[in-house]
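Please examine the interface between the two chains first, and then the surroundings of the ligand. The paragraphs below follow that order.

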Amino acid sequence: MDYGFVFSSAAGELFSPTTAAYALAALGLAVHFGYSGLLNFGQAGFMAVGAYGFAISTLSFGVPFFVALLISILCSSLFALLLGIPTLRLRADYLAIVTIAAAEIVRYIVTTNQLTKVTGSANGLAAFEGGFYAMNPFPEGSYMGMNNRDFFIRVIGWGLVVVCCVIVWLLMRSPWGRVLKGIREDENAVRSLGKNVYAYKMQALIIGGVLGALAGMVFTLPRGAVQPANYGTELTFFLWTCLLLGGMATVLGPVIGAMIFWVVLSLTQSVLYGLIESGAVTWLTTVQAGQLRYILVGVALMLLMIFRPQGVFGNKKELAFA
Amino acid sequence: MSHSAHSMNNADRNTASTVKTANTNGNDKDAGINYMTDSSPIVVGEIAPGCKKRDPIVVAENVRRSFGGINAVDVDYLEIPRHKITALIGPNGAGKTTLFNLLTGFDTPNSGKWQFEGKNIEGVSSFKLARMGMVRTFQLTKVMGKLTVMENMRLGAANQPGERLSKALFKGIWGGREKEITAQADVLLEKFKLDVKKDDYAASLSGGQRKLLEMARSLMVRPKLVMLDEPMAGVNPALTQSLLDHIKNLKAEGMTVLFVEHDMNMVRHIADWVVVMAEGKIVAEGPPRDVMKDPAVIDAYLGAHHDVDLGDTEGIKELEAVLEADEESVVGTENAGIIAVESVVPDLKGADLKQPDLSPEALQEPGDDEPNSPQSGLAEPGRTDKDKE
Ligand SMILES: Nc1ncnc2c1ncn2[C@@H]1O[C@H](COP(=O)(O)OP(=O)(O)OP(=O)(O)O)[C@@H](O)[C@H]1O
Ligand SMILES: [Mg+2]
């Protein structure tokens with residue numbers, strides 16, 4: 001087995017744009033659930049809205065990059081409003097049901113054949129990333145073994161992660177964040193102290209949703225394509241896995257969680273493939289191995305919940321009162 | 001805003017008040033009043049369930065709430081006097097908490113309207129009521145477990161610009177106010193003996209400490225009306241005394257207090273006025289001393305107690321007589337309707353308190369020389385009939 005390859009591909013995952021996208025989306029979930037107690041099981045839907053909002057406004061309306069970005073953020077905010085208005089006055093579980101359904105609805109809408117002209121149906125959309133790469137300040141060449149495009153998207157993706165983390169951190173240490181945490185603990189108590197709980201929950205839902213939309217764009221730009229199959233329910237659950245791995249009511253948790261998630265996936269894949277190729281494992285095909293690694297992620301998650309339930313960064317003391 | 005103006009006024013007047021209270025004639029609302037010593041009448045006209053108050057802060061009319069078949073709250077008319085401490089008592093399930101929920105917008109009644117400081121507030125959401133100055137605590141204590149005690153307190157404060165999303169990012173804008181809030185919280189935490197706990201998670205507090213925290217937190221709002229649902233439940237007796245003083249002092253700061261309590265000693269200690277509920281209705285009102293003699297109250301409490309034979313009118317009369325004569329009689333939580341044994345039969349002190357001997361002999365022995373007129377408990381005979389309608 002080529003250990004050099006195993007580790008270099010794992011290290012490559014550490015800072016891949018996909019990991020950045022997962023980190024952003026999981027950070028959105030941290031805002032939702034970790035800080036505000038909102039159960040969002042449709043983060044994939046927010047990512048889809050972000051990605052399609054960007055792609056459609058670029059392709060169908062030909063708007064420049066930043067306008068498309070703005071439209072995508074607006075769309076996800078509207079999506080959050082739409083989900084929040086009927087559910088945020090109700091118990092937490094209603095939001096969970098509505099978000100999981102809404103994410104599926106988004107996916108089915110973009111897949112319908114009637115809308116092929118706009119959404120590209122199951123094939124999705126492509127060639128909308130030109131505006132983005134046109135802004136690439138790095139001349140052609142090799143940057144740590146990457147070409148200038150790959151390097152650019154990593155810089156932007158992780159730059160965005162850093163900026164968003166700082167913003168979320170600033171928000172959560174403020175009195176505004178305190179009210180949110182209070183709502184997570186007991187919204188009636190917060191209400192009795194004169195805070196408009198509904199408005200706070202809505203703001204949190206929108207902020208987390210916009211983080212999801214940004215994640216959708218970071219996810220889709222390096223691929224140069226957006227396809228409905230990428231935004232299924234399993235994506236949401238991978239994001240929750242990242243959140244649980246890292247720690248829920250933390251800023252760095254979701255980022256580290258996303259890194260762990262992808263490194264573990266990459267390591268298990270390389271190791272399994274290596275074993276199969278070298279003939280050490282004969283009872284497994286490479287296709288099965290690809291599926292097995294998700295099982296391993298599940299096992300890892302179970303072990304984590306048993307031995308370190310607060311996640312890597314979570315506060316054990318808080319958990320003592322869960 | 002108006003609150004601070006109010007209390008300032010109050011402070012200005014305090015010097016003059018001692019002189020004035022002597023000749024205050026009660027109806028003169030604008031005279032300088034020291035709310036601690038103010039003895040002007042609370043009521044206009046005759047004392048009766050649902051009577052008019054000289055200066056009501058809350059007025060409720062025809063407030064009804066039913067759960068399935070039962071009427072949890074069925075209040076025809078109720079006024080809460082301003083700048084007074086009003087106790088709301090009644091047996092378990094009388095509808096006290098439900099009435100709190102209705103008044104504070106945490107529950108919606110089937111019908112009725114009610115006012116706070118002259119403004120109609122039916123249908124006004126709970127957080128707006130809190131901003132108007134009507135703050136309540138919960139019977140089942142609500143603290144934010146995964147926030148520290150100090151953060152819990154800070155959460156109560158009003159006018160923190162940093163609670164707006166648009167300003168939250170800039171500490172320069174809200175840092176100053178945060179310092180004021182923290183200072184205010186420190187003072188309160190010390191009063192409530194929670195200062196050593198201030199950096200602990202609220203979830204690590206004991207049940208009684210949580211009650212204290214919740215009460216202190218509600219005062220962070222600087223309310224005009226504080227509504228406390230069983231504030232003393234589970235608080236240790238040594239602390240109760242100082243807490244009672246704190247509650248009394250709220251009055252000096254210009255606040256009005258409405259509290260639910262089962263401990264009659266506490267009610268007697270601090271309440272200026274007592275409202276009695278039973279089966280959703282207001283069955284009696286009055287100053288603590290008089291209310292506890294009220295036959296309707298005894299009826300309400302004993303009615304919930306199966307050990308006592310209500311069919312026996314002689315027995316009731318005797319109970320009333322003893323209640324009348326004895327200041328220490330307890331009509332409270334677990335002892336609801338049971339007269340403290342030691343006060344009835346001094347010799348029995350230390351005997352089994354949970355099974356008081358209510359036999360006629362036991363009641364009569366010490367009572368023989370004391371209550372000369374067993375009828376005095378029924379000071380206003382006409383009222384019993386009215387209560388029962
Ligand atoms: N959410 C609810 N659903 C159904 N019934 C309720 C509900 N809340 C209260 N009730 C009923 O309404 C009545 C009044 O209840 P409430 O909690 O107001 O009593 P209480 O006077 O506060 O009693 P306690 O002294 O025990 O606290 C009770 O009979 C109770 O069973
Ligand atoms: Mg109650």
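A polar contact is a pair of N or O atoms within 3.5 Å; within protein, one of the two must be able to donate a hydrogen and the other to accept it. The model to which this rule is applied here is a predicted one. Across the interface of chain B and chain A, the rule finds 9 residue pairs in polar contact, both residues being at pLDDT 80 or more. The side of chain B that touches chain A draws at least two residues from each of α3 (126–132), β6 (134–136), α4 (149–156), α5 (165–168), α6 (171–191) and α7 (207–220) of chain B. By residue class, this side of chain B consists of 16 nonpolar, 7 polar and 11 charged residues.

Charged pairs also link the two chains. The interface of chain B and chain A holds 4 salt bridges by the rule applied. R178(A) forms a salt bridge with E151(B), and the closest N and O atoms of this pair are 3.6 Å apart. The cut-off for a salt bridge is 4 Å between a side-chain nitrogen of Lys or Arg and a carboxyl oxygen of Asp or Glu, so the pair R178(A) and E151(B), at 3.6 Å, qualifies.

The extent of the interface can be described by residues and by area. In chain B, 34 residues are in contact with 31 residues of chain A. Together, chain B and chain A bury about 3000 Å² between them, and 66% of this area lies on carbon and sulfur atoms. Of the area that chain B buries against chain A, 23% is supplied by K146(B), L165(B) and Y201(B), more than by any other three residues.

The second topic is ligand 1. It is surrounded by 13 residues, and the closest are N92(B), K96(B), T97(B), T98(B) and Q139(B). Several distances describe how oxygen atoms of ligand 1 are approached. An N or O atom in the side chain of K96(B) is 2.7 Å from an oxygen atom of ligand 1. Backbone N or O atoms take part as well: one of G93(B) lies 2.8 Å from an oxygen atom of ligand 1, and one of G95(B) lies 2.9 Å from an oxygen atom of the ligand. On its own, ligand 1 has 640 Å² of accessible area, of which the protein covers 61%. Two or more residues of the shell come from each of β2 (70–81) and α2 (96–103) of chain B, and α2(B) gives the largest share, 3 residues. The shell around ligand 1 comprises 4 nonpolar, 7 polar and 2 charged residues.

Terms used: Residues are numbered from 1 along each chain as its sequence is written. Chains are lettered from A and ligands numbered from 1 in the order in which they are written. This is a predicted model: local features need pLDDT of at least 70, side-chain atom pairs count only at pLDDT 80 or more; totals for chains, interfaces and linings use all residues. Side-chain values use heavy atoms; hydrogens and water are left out. Contact means heavy atoms within 4.5 Å. Buried area is the accessible area (1.4 Å probe) that two parts lose on being put together, summed over both. Helices (H or I, at least four residues) and strands (E, at least two) are DSSP runs, numbered from the N terminus. Ala, Val, Leu, Ile, Met, Phe, Trp, Tyr, Cys and Pro count as nonpolar, Asp, Glu, Lys and Arg as charged, and the others, Gly among them, as polar. A residue is near a molecule or strand if one of its heavy atoms lies within 4 Å of it. Accessible areas come from the Shrake-Rupley method with a 1.4 Å probe; for residues, only the protein chains shown count as cover.
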